[in-house]
Amino acid sequence: MSKTAVIYWSQTGNTEQMANAIVEGITAAGGEAELFSVADITPEDALAYSSLALGCPAMGAEELEETEFAPFFEAIQGALGGKRVALFGSYGWGDGEWMRNWQAEVESAGAELVGGAGLIANNEPDDDALEACKALGASLAS
């Protein structure tokens, strides 16, 4: 079984909560996961994993965080072909446009989008959102 890197950026802790629940789901399903803040992993190290869970909240006008996460994603995007990738993040406004755009970028890079769509939580993830994160983690482990 392969190891998954769960890589996130979080300003308020909401996306970090989601990342922790995804790791919990992976390990509960018998998989291996490593958790990283985006500042703590290089694009090269991230690409050594066969599957990735990438988490970033909606920022500004429904965009990825632009000083750390967006440059990291741009650095790995072209090499995602053939990888299993899950996307997740929280938002406080809008309708999820940032996640739809992000999904399209991942799919156009040739990655397999685990779960079929990105997982979003409105503000702080509630119990249902955290259970969805655990289920997403279990899907990554299989």
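Let's start with Glu-34, which has 28% relative accessibility and therefore counts as partly exposed, because that class lies between the under 20% of buried and the over 50% of exposed. Keep in mind that we are looking at a predicted model.

Who is the partner of Glu-34? Its side chain meets that of Lys-3 in a salt bridge, with 3.2 Å from N to O. Look at where the two sit: Lys-3 is in strand E1, residues 3-8, and Glu-34 is in strand E2, residues 32-37. That makes them 31 residues apart, so this pair links distant parts of the chain. Lys-3 is partly exposed too, because its relative accessibility is 32%.

Now please find the helices. Lys-134 forms a salt bridge with Glu-24, and their closest N and O atoms are 3.3 Å apart. Lys-134 belongs to helix H5, residues 127-141, while Glu-24 belongs to helix H1, residues 14-28, so the bridge ties together parts 110 residues apart in sequence. Lys-134 has 25% relative accessibility, which means partly exposed, and Glu-24, at 41%, is partly exposed as well.

One more pair for you: Asp-95 and Arg-100 form a salt bridge, with 3.1 Å between the closest N and O atoms. Is Asp-95 buried or exposed? At 53% relative accessibility, Asp-95 counts as exposed, whereas Arg-100, with a relative accessible area of 42%, is partly exposed.

And how many salt bridges does the structure hold? The count is six.

Terms used
Residues numbered from 1 in each chain as written. Predicted model: local features only at pLDDT ≥ 70, side-chain atom pairs only at ≥ 80, totals over all residues. Heavy atoms only, no water. Salt bridge = Lys/Arg side-chain N within 4 Å of Asp/Glu carboxyl O. Helix = DSSP H or I, 4+ residues; strand = E, 2+ residues; numbered from the N terminus. Buried < 20%, exposed > 50% of the residue type's maximum accessible area, 1.4 Å probe, protein only.
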